[in-house]
Amino acid sequence: MAAVRLFVSLLICLCAYYFYSEETVSADMVRGKRVLVTGSSTGIGEQVAYEFSRLGAHVILTARRKQQLKQVAKKCLALGASSAGHVVADMSNLTAAQKIVEDVRDRLGGLDYLVLNHVGGSGQFGPFKGDMAAVTSSMTINFLSYVQLTASALTMLRESQGSIVVVSSLSGRIGGPFTLAYNAAKFALEGFYSSLRRELRLQQTNVSVTIAVLGYINTDNAVKKVGDKIRMAANPKEECAQKIVQAGVLRQPEVFYPYWSLKPLLLFKEWMPGLIETLLDKSYILENIL
Ligand SMILES: NC(=O)c1ccc[n+]([C@@H]2O[C@H](COP(=O)([O-])OP(=O)(O)OC[C@H]3O[C@@H](n4cnc5c(N)ncnc54)[C@H](OP(=O)(O)O)[C@@H]3O)[C@@H](O)[C@H]2O)c1
């Protein structure tokens, strides 16, 4: 009986949170805001840039491939962006990360949203075989460059009372096999940015920090990398981007997408870690991995 009561209470709390996070965002809240989206030449970052563009923001895109960035910028303008620029940079170089922010300051005079989304350098999907180069490059691209961008942008964000949006993953909350270098960077992000959020609050600094915890999303690169290795349906990147932007604009501390797969999993993980890990382990198609 007590277990049923607990389950019902939990369900009510989850529903309440879900509907609270469903609050809508209007163009009035975003029009004219200055947004930097990293890793926006493709995938979720590209969709996040489109979402901010539909709401009338000034967007600056960054990634390594110039041609792709130019095309995305063109589409951003067509969708309604107040302006759309791009900076070509490789996040394995922390000085380059710092320069992106200087570039944004020169072009837009400030920043309202820093969306940290890029991902790369974590090696092949498969068992860890001692590849230290993959761990080092994953930590640099997927963690240290995020911190460098934040450090460089913080003064502008303080001035604008802006927002940091960090794209994380279920892999940053529940460790899993075959992507160790990637998971390590995502765990580091979760630790750094949840601590930063509290520190900013204690300093009474009005800069919000939103962490987006994502499941499997149907970007070309993700499907190419793991499509034949896991038994899971990929979720649409467009809806994913909408949820990320919505949570960022509403200054929510966290967003989970897809909510109904991730949130219960993370709650039950505290009580039954073994069961949740066993369930997740069943999703791997081991004959295609080992
Ligand atoms: N897709 C999923 O299933 C999934 C699940 C959980 C979490 N996430 C998270 O969601 C975010 C976006 O994922 P995604 O699937 O959209 O990734 P994606 O499609 O692979 O896009 C990655 C982006 O990062 C850029 N990038 C890669 N290496 C870079 C480097 N060294 N320097 C600068 N930019 C670099 C890429 O552009 P260039 O190649 O042009 O540089 C691209 O724009 C990531 O943080 C990821 O961890 C994704």
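1. Overall fold. The protein chain contains eleven helices and seven strands. Its radius of gyration is 19 Å, close to the 19 Å that the globule rule gives for 290 residues, so the chain is as compact as a globular protein of that length. The model is predicted, and this should be kept in mind throughout. Along the principal axes, the C-alpha trace spans about 60 × 45 × 35 Å.

2. Burial and contacts. Of the 290 residues in the protein chain, 37% are buried. Among contacts with a separation of 6 or more, 70% are made by residues 24 or more positions apart.

3. The ligand shell. The ligand is surrounded by 28 residues, and the closest are Gly39, Gly43, Arg64, Gly120 and Asn221. Two or more residues of this shell are given by each of helix H3 (43-54), S5 and helix H8 (220-226). H3 provides the largest share, namely three residues. By residue class, the shell consists of ten nonpolar, 15 polar and three charged residues.

4. Strand S5. Seven of the seven residues of S5 are buried. On one side lie Ser163, Val165, Val167 and Ser169, on the other Ile164, Val166 and Ser168, and both faces are covered. S5 pairs with strand S4 (residues 113-116) in the parallel sense, over four bridges. Within this pairing, Tyr113 has Ser163 of S5 as its bridge partner. S5 is also among the elements that give two or more residues to the shell around the ligand.

5. Helix H7. Helix H7 covers residues 180-202, which amounts to 23 residues. From its first C-alpha to its last, H7 reaches 33 Å, close to the 33 Å expected at 1.5 Å a residue. Which residues of H7 are buried? They are Leu180, Ala181, Tyr182, Asn183, Ala185, Lys186, Leu189 and Tyr193. The buried residues of H7 pack against helix H6 (132-160), strand S5 (163-169) and strand S6 (208-214).

6. Phe178 is found in the loop between S5 and H7. Its phi is near 75°, a positive value in a residue other than glycine. Is Phe178 buried, partly exposed or exposed? Phe178 counts as partly exposed because it has 18 C-beta neighbours inside 10 Å, whereas 20 or more would be needed for a buried residue.

7. The loop after H7. Gln204 follows H7 and is found in the loop between H7 and S6. Although Gln204 is not a glycine, its phi is positive, at about 55°. Why does Gln204 count as exposed? The reason is that Gln204 has 6 C-beta neighbours inside 10 Å, and a residue with 12 or fewer is classed as exposed.

8. A cis peptide bond. The peptide bond that joins Tyr257 and Pro258 is cis, with omega about -5°. Pro258 is found in the loop between strand S7 (254-257) and helix H10 (259-271).

9. Points to inspect. A reader new to the model may begin with S5, which is covered on both faces and against which buried residues of H7 pack. The positive phi values of Phe178 and Gln204, together with the cis bond between Tyr257 and Pro258, are local backbone features that can be viewed next.

Terms used
Residues are numbered from 1 along each chain as its sequence is written. This is a predicted model: local features need pLDDT of at least 70, side-chain atom pairs count only at pLDDT 80 or more; totals for chains, interfaces and linings use all residues. The expected span of a helix is 1.5 Å times one less than its number of residues. Two residues are in contact if their C-beta atoms, placed from the backbone, lie within 7 Å. The radius of gyration is taken over C-alpha atoms; the globule rule is 2.2 Å times the number of residues to the power 0.38. A residue is near a molecule or strand if its C-beta atom, placed from the backbone, lies within 6 Å of it. Ala, Val, Leu, Ile, Met, Phe, Trp, Tyr, Cys and Pro count as nonpolar, Asp, Glu, Lys and Arg as charged, and the others, Gly among them, as polar. Two strands pair if DSSP finds at least two bridges between them.
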